[in-house]
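Reader: I would like to learn how to read helix packing. Please keep it brisk.

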Amino acid sequence: MVMVVEIVSKEFIKPTSPTPPHLRTHMLSFLDQFLPSIYVPMVLFYMDQERSIPVAASNSRRSQLLKESLSETLTLFYPLAGRIKDHLSIDCNDEGAYYVEARVNRPLCEFLNLTDSPYVSQLLPAEPTWTATTAGGYIAMIQVTTFACGGIAIGAFLSHVIADGPAATKFISSWAALTRKCGEEAPCPNFDASLVFPQSVAYPREATFLALLSRFVKKGKWKSRRIIFDASAIAALKAKTASSSVPDPTRVEVVSALLSKCIKATFKAKSDIQKSTLITHIVNLRQRARPQIPKHSMGNFLCLAAALVTAKETELDNLVCHLRKEIRKIDGDLITALQGDGGLLKYCEYMKEIGKGTNDNIDIILFSSWCNFGLYEIDFGWGKPTWVTCATESNSEIGMVNTIVLMDTKMGNGVEARVFLEEQHMVMLEQNQELRAFGILDQSPLNLKVG
């Protein structure tokens, strides 16, 4: 039987209370201006735990609760109910979050047993375009999908102009707390990013994230795969990569190093040219700042770390050292220098240094770690999620950059990597024996009882 995702309704959920006039315009920070105007995609899957209640009644009750609590949440997170005004601001006009309800004609367990299901991307609202650069663009889009025999998926598309990964997680966590009527777990968000990192009307386009990566964007057939590294694989990788320089590598560092090595090998096999590789990681500034930036701060508090490694540098411990060195350059002193009126100039200088190392004879691998976000702790009142993923098309023909999103596994000690590569490179990566010695491919989220 074919699995069908059927759209049931579409509407806009508005804040419970109107936004005060003095908050009507939300100004972006220069870090917001740096990031691409795309949506942060998240989908959380929940198995049905209300066996005693008929599925239809359970879904109806949940639907009403989710809408009411989302309206309350948008009162606190008021810019997310607004619209893009221009590259400098958001109009907090209370027009509401775009909200879609859908249903699937098969049980959730069947859905999750489909390895790298092509249907996952259908659990996000698909009406608006992927990019949100135009005036009037939605800030928040939600899709709630129910499954036959119970189970629910909550998909969120949040505009990157206002929310990085931690901020998106904070919004969904607060929505969940208000759904459970646990308001004490939902402290008011902070929208003062533009006061810390003041924007610029003349923000230089050559300093944006997309400008930096433009030479690496390739159009062709792209494929995504999930690769699981369980707790035992992480322990083995840490033992293998530990050195006098980095005696205590993290799980993110060792998985990044292994995937970089294996992907570099696929590039080499497909080209006679010995290319260097720019390995980048997006770094969260909140905990690195002195004093720390509050966890409930909304906006983008991200900076790019970049390690340029030669074609001959393939040892895992060496790659870990490169990553550790570059990531640690983003410290309290640098973050302090980025704040205030002179911050933009300093930031442009920093990005230009990274750009100097790029040319047409360099490959790139972009990492983004969502580990330790607490996504598996998000409870709307029917238990913690069975699986959380970043949802995009498994196969697509759009311009992309080699990208890897790292996430926690449900048990917390492992890493789930979502890898996006050109199809020709993905085919070779899947056959890489060193990768297969540590990573698990083709595993249903329902079977993830380790890591």
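Reader: How are H8 and H9 oriented to each other?

Author: First, the ground rules. This is a predicted model, where local features need pLDDT of at least 70, side-chain atom pairs count only at pLDDT 80 or more, and totals for chains, interfaces and linings use all residues. Residues are numbered from 1 along each chain as its sequence is written, and side-chain values use heavy atoms, without hydrogens and water. Two packed helices are described by the angle between their axes and the distance between the axes. Here the angle is about 120° and the axes of H8 and H9 lie 9 Å apart. H8 and H9 are therefore oblique.

Reader: Which residues in H8 and H9 meet?

Author: Contact means heavy atoms within 4.5 Å. From H8, Glu-253, Val-254, Ser-256, Ala-257, Leu-258 and Lys-261 take part. Their partners in H9 are Leu-316, Leu-319, Val-320, Leu-323 and Arg-324.

Reader: Which residues of H9 are buried?

Author: Buried means under 20% relative accessible area, with a 1.4 Å probe and protein chains only. In H9 that holds for Leu-316, Leu-319, Val-320, Leu-323, Arg-324, Glu-326 and Ile-327. These buried residues pack against several elements, including H7, H8 and strand S11.

Reader: Why does Ser-260 count as buried?

Author: Ser-260 counts as buried because its relative accessibility is 0%. Ser-260 sits in H8, residues 251-270. Beyond four places in sequence, Ser-260 touches Ile-279, Ile-365 and Phe-367. A polar atom of the Ser-260 side chain lies 2.7 Å from the backbone oxygen of Ser-256.

Definitions and conventions. Helices (H or I, at least four residues) and strands (E, at least two) are DSSP runs, numbered from the N terminus. Buried means under 20% relative accessible area, exposed over 50%, partly exposed in between (1.4 Å probe, protein chains only). A polar contact is a pair of N or O atoms within 3.5 Å; within protein, one must be able to donate a hydrogen and the other to accept it, and residues adjacent in sequence count only if both atoms are side-chain atoms. Axes are lines fitted to C-alpha atoms, for helices over the stretch in contact, and angles run from 0 to 180 degrees between N-to-C directions. Angles under 35 degrees count as roughly parallel, over 145 as roughly antiparallel, 65 to 115 as roughly perpendicular and the rest as oblique.
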